[in-house]
Amino acid sequence: GKGSQAGGGRERGKGKEGREKMGCLESKESAPLVANEAAAAPAKAAEAVQEEEAAGEYDDFLAKAAKIRVSHPDNLCAKFLTPELFYSFSEEDQAILYKCAITGIDNPDSVTGCYAMTATDYERLAPFFDQVIQGYHKPESKNAKHVTDWDASDVGDNGVLDVTELGLDELSMRVRVGRNLTSFNLPGNMDREERIEFEKTMLKAFEKLIDMPEYGGKVYSLTPDFGEGEANPNLISKSKYQELVDAHIMFKDMAADPYLASAGIANDWPYGRGCYVSDDGQFIIWFGEEDQLRIMCMKKGSKLNEVFDRLHEGLQVVESIDGIDFATSDRYGYVTSCPTNLGTGMRASVHIKIPNLTADGTDKKAKEICKPLGLSVRGTGGEHTPIGADGTVDISPSKRLFIKEKEIIEKLYNGIQALMEIENAQE
């Protein structure tokens, strides 16, 4: 990726070498020079205090990380954020790493606890991020390299993955990916003006989709205005926004999320936020959420490959537009704000009824069974939401990185088959 570098905006801590050099040295100069130094002493003393305060600010930050390593050993950010590693970076990179890692220190119960601020942070801060990525994704090899492959023609029945073959009827199916553009900071490092500029850049893509009969659609924006008296033609009312949220078309107020708020991702709400929705309501693009773009395809049907293939086509249309270039890493595939989504950036899911495995009203047993299958289980409203009263849960392959896109959709199909065999055996 070619994203611009993160700014500092806060006093920077001193590197280890610089901190060791702080202190008073005996002068070997003549008396007049000593007198001159004495006259300049107040300014030097003030500067030394500022440097010590700056270093102290990071020391407190790192001390908190040390405590979290004990109280929350699963917090990967705190686990690897040692003083030795932090102060091995340049002063400029320390400021960037602070911004990337602060959410994991503010929220000890985090899992990864960090977000990239620009598309190049995974390379620039590799000694830190590589450890987090290895710790979360657990690749077979430390030298693993992500490969992108959407060609699912050789999976299922010549590319067709029909759940009716598994004894199921229509399912609610969704496939989404996170994407970011090379020409903008990632959401955690954007200011209000950049969020607005990003939205205006995406309008070109939305206009192209709207002009295509297979898409059509409309843009729903939350941005109050484009600044300097420029009105936003796509601004919607609060009631319309709530209607879209209730229909699971639009994302919720990010400012209420402590993890995103701490990372700066929720800053400037609601500027630069909104969504594009196709005429049939099955192709949706969120803009301004955790990633610059969350692009998704959804429908009720029996063939998983239909949402998968349509999403791929839509992505190609969007990226074909001048000025829209998705950020990628040679090693980690598509760049996303959160290390958990690197690689494919993909989540492929279905809502499926498993009343026998959820007879106690929870998804506890379902999670125990799905974990060895490589599946994540959520409530019907997303993460941290309850399961359906009829035993409906949301399942999706948990792997995102070092796996091909076509393998994710195949893994979902095979996971559904295995899960239903266990569910039916409980009767």
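A charge sits over a ring if NZ of Lys or CZ of Arg is within 6 Å of the ring centre and within 35 degrees of the ring normal. That sets up the first close-up.

**View 1. Two arginines sit over tyrosine rings.** R192 lies over the face of Y271, 4.0 Å from the ring centre. A word on the model itself: it is predicted, so local features need pLDDT of at least 70 and side-chain atom pairs count only at pLDDT 80 or more, while totals for chains, interfaces and linings use all residues. Residues are numbered from 1 along each chain as its sequence is written, and side-chain values use heavy atoms, with hydrogens and water left out.

**View 2. F61 meets F86 edge-to-face.** Rings of Phe, Tyr and Trp (its six-membered ring) pair if their centres lie within 6.5 Å; planes under 30 degrees apart are stacked, over 60 edge-to-face, and the rest tilted. The whole structure holds 17 aromatic pairs. In this one the ring centres are 5.9 Å apart and the planes stand at 65 degrees, so it counts as edge-to-face. F61 belongs to helix 2 (residues 31-71) and F86 to helix 4 (residues 83-86), which puts the partners 25 residues apart. Helices here are DSSP runs (H or I, at least four residues), as are strands (E, at least two), numbered from the N terminus. Both F61 and F86 are buried; buried means under 20% relative accessible area, exposed over 50%, and partly exposed in between (1.4 Å probe, protein chains only). Ring pairs also join these two with Y58, Y87 and Y98 in a cluster.

**View 3. F206 and F287 make a tilted pair.** Their centres are 5.6 Å apart, with 35 degrees between the planes. F206 sits in helix 8 (residues 192-211) and F287 in strand 4 (residues 283-287), 81 residues apart. Is F206 buried or exposed? F206 is buried, at 0% relative accessible area, and F287 is buried at 0% too.

**View 4. R195 and D268 form a salt bridge.** A salt bridge is a side-chain nitrogen of Lys or Arg within 4 Å of a carboxyl oxygen of Asp or Glu, and the whole structure has 18. The closest N and O atoms of R195 and D268 are 3.0 Å apart. R195 is in helix 8 and D268 in the loop between helix 10 (258-263) and strand 3 (274-277), so the pair ties together parts 73 residues apart in sequence. R195 is buried at 3% relative accessibility, whereas D268 is partly exposed at 26%.

**View 5. R310 pairs with D280.** Their closest N and O atoms are 2.9 Å apart. R310 is buried, at 14% relative accessible area, but D280 is partly exposed at 41%.
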